[in-house]
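Thanks for coming. I have one structure to go through today, and I will keep to what can be computed from the atoms. Here it is.

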Amino acid sequence: MKNELILLAHGSGGKQMRKLIEGFAGKYFSNPILDKMNDFAQIDGGSKTIVSTDSFVIKPYKFPGGDIGKLAVCGTVNDVACSGADVKYLTLALIIEEGLPIADLEDICKSIKKASEEAGVLVIAGDTKVVEHGAADGIYINTTGIGIKSIDADIGGEFVQPGDKIIINGNIGDHAAAILACREGLSFTTPSVSDCAPLNGMVKELLAQCSNVRCMRDPTRGGVATVAGEIARQSKVGINIFEQALPIEQSVLGACELFGMDPLYMANEGKLLIFIAAEEADKAIEVLRGNKYGKNAAIIGEVTDKKQGVVLQTAIGSSRILDELTGEILPRIC
Amino acid sequence: MNFDQFRTPGEGIEKLKHLIAKTADRDITIMEVCGTHTMALFRHGIRDMIPTGIKLLSGPGCPVCVTENSVIDKMIWLAGQSDVIVATFGDMLRVPGSYSSLNLQKANGANVQVVYSPLLALELAKKHPDKKVVFIAVGFETTIPAIAVALKSAKQRGINNFFVLCAHKTVPIALEAIAGMDNNVDGLLLPGHVSSIIGANAYRFLAEQYSLPGVIAGFEPLDLLKAIYMIVDMITSSKIAIVNAYERVVSDTGNIKAQQVIAQVFEPCDASWRGMGTIAGSGLKLNEDYVAFDIESIMRIDIAPPIEPAGCLCGQILCGTKTPPDCAHFASKCVPENPVGPCMVSTEGTCAAYYKYRNIGGSDS
Amino acid sequence: MCLAAPARITKIIDKDNAFVDIRGVTQKTNISLVDINVGDWVLIHAGIAINTIDEELAADALKIIDELDVDANEL
């Protein structure tokens, strides 16, 4: 990596980011907990404490459907919830660029309060730093979530098995489409709003009814295709995704058509990919649809023993490989 | 009208698949000229649906891929100037030139803005009167009218800090060069959106002078399968013609207003194509009335001689004489996140498309 | 070579500009190269309507595929 620079692509959730993290985390911080490469860590086998941390940088920091405060709570809460734990506590660290209107900070804090109350988590520690104008973009937030896992089930990217079904709790691409519309140089408006939401309540309902959930993960940056690829690698299985089953808003397809993008690679902030034993899939759909964040839940794929990564079964009856995201998602016209 | 009917699964698709399989009594090589066709074919898994004897080669229809290193080096040089904002389509960001890419320049602090339209680049110029906003004008006849409209507007509104780095190319003359090459191409899938501007008549000479059949195609699954069927049918029955199978958008004469606006701003020039060399009259440059908007008319762009990446087969791949798997770099040293040649950069580049949408159990890709 | 999206004219702003709808997404588009009315379909590329889309010809094309004579038993 000599002479190489960090590019935005290294933070886009795709292949470059994976290689960067595998490179540095593997090289300098390797330990049995970290090496599992899940979005959460289980510490001390006895009490099953779950920890996850995430940093939030988003432009603009206020967007249709939420703001960076809501996102910082939901993102970490969802990562902890994916372990099967009850999410209990959050730490909150703010890095603020000088010049941020205090009123905006207050709005962000109100969002944090609202989202953490809905998720039932307490903010138990925090930190604030202010950096020079130009050294950050408004505000960045880091949150660390702590949860207690009281169920026995093994849940994680390494536990997926051939035959499992793959469920998503609703429409894909809404968050990315909403953010895209805020971007300079594109000039379009969309009814899409971010799906940003705390999903721990929905997960709790699911786990109360279904005991064979193998893995849950939020398809944020890199989208459904990239996250499915991560899990295929972790569990050494193949994955089929059914194009016709994917729940997608027309307006998200419209934005994709205009700018040459693929909804399968677009970020979501209120969605989970749920891998579950086939016999429990219908039950899971019923439970998810009973929750306000799972109204459009659908079975969108299945796990196979063919080690060919992620394969899309297209609507017209053909198939193609879905690689992980490379580079940033950029609007293209050519 | 719901144009999604052109992608509806079911009987239409099955019928066309069946007719193609039934009609293709020999090995047939079809070149899809347009990079967006390459993408659409892969995206819908069309290669999966046709007999393995029908080979689809990707031609010189991706602006990123045919743009020579010297042009890319120029845009990278421009990004390094403190009084310049480079405005570009997203595709050009990752293209490696001889020494760097816009993406790397951006990471080093260069002012590079991705825009979706040249008209938005013009607004950028209005917003930053103290900077020269240089739009990287690449693309074919589909894209050229938009740039002509932006330049006309700049002139009319007196926005004199808006410039272009002009590297436009035109399709029919390049196809004539391909038609004259030894590349086993039996027929052409002709670019639907370029054709909507220039009209179907622009290709008639290919059939008349070179006995090369071609079908102008749309981009939905039914469009693509229908066009492939029509090409296969022409080849197997020895009927050579240029057929328009994208009637809803393409006429014989094209969009006259668009042709006029191109003629008001540009004039033909020789153009250098990666891998194909200089083709007389295959490019466009700003005419006398608009030459002041050419950044090269006011700045001397001082670049070192371009270097082509050793062993890269992009040039031959664009002409249909080689396919990506023939290249030693393909999928080893040359991958989308670290491309050696331009055909791996653009998502519609032949190599990127082969890499991204590798068929499952496909015959040759 | 050229991605273009079908869009419907929803409002004409002036002789050069209109709002178009693409599956619920709204975009301001340059219409100086096409003769159109509200409700017409156009093809959008790089922020400009490059051509109109003829609905009748589209319907004809679908009909031709529909009427292709293929023995149902062979499918």
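The buried residues of helix 8 in chain A pack against strand 8 (165-168), helix 5 (200-209), strand 12 (273-276) and strand 13 (298-304) of chain A. Contact here means heavy atoms within 4.5 Å. Helices (H or I, at least four residues) and strands (E, at least two) are DSSP runs, numbered from the N terminus.

This is a predicted model: local features need pLDDT of at least 70, side-chain atom pairs count only at pLDDT 80 or more, and totals for chains, interfaces and linings use all residues. Residues are numbered from 1 along each chain as its sequence is written, chains are lettered from A and ligands numbered from 1 in the order in which they are written, and side-chain values use heavy atoms, with hydrogens and water left out.

Back to helix 8 of chain A, residues 281-289. Which of its residues are buried? They are Ala281(A), Ala284(A), Ile285(A), Val287(A) and Leu288(A). Buried means under 20% relative accessible area, exposed over 50%, and partly exposed in between, with a 1.4 Å probe and protein chains only. Down the axis of helix 8 of chain A, the buried residues fall within an arc of 165°, so they line one face of the helix. That arc is taken from the directions from the helix axis to the C-beta atoms. On the other side of helix 8 of chain A, Asp282(A) and Glu286(A) are exposed.

Now chain A overall. It has eight helices and 15 strands, and 56% of its 334 residues are buried. For 334 residues a compact globule would have a radius of gyration near 20 Å, and the 19 Å of chain A agrees. The radius is taken over C-alpha atoms, and the globule rule is 2.2 Å times the number of residues to the power 0.38.

Chain C gives another picture. Along the sequence it reads β-β-β-β-β-α. Its radius of gyration is 16 Å, well over the 11 Å that the globule rule gives for 75 residues, so chain C is more spread out than a compact globule. Its C-alpha trace spans about 55 × 25 × 20 Å along the principal axes.

Last, one residue of chain C. Asn30(C) lies in strand 3, residues 25-30. Is Asn30(C) buried or exposed? Asn30(C) is buried, with a relative accessible area of 6%. Not counting residues up to four places away in sequence, Asn30(C) touches Leu119(B) and Val149(B), and within chain C Asp16(C), Asn17(C), Gly47(C), Ile48(C) and Ala49(C).
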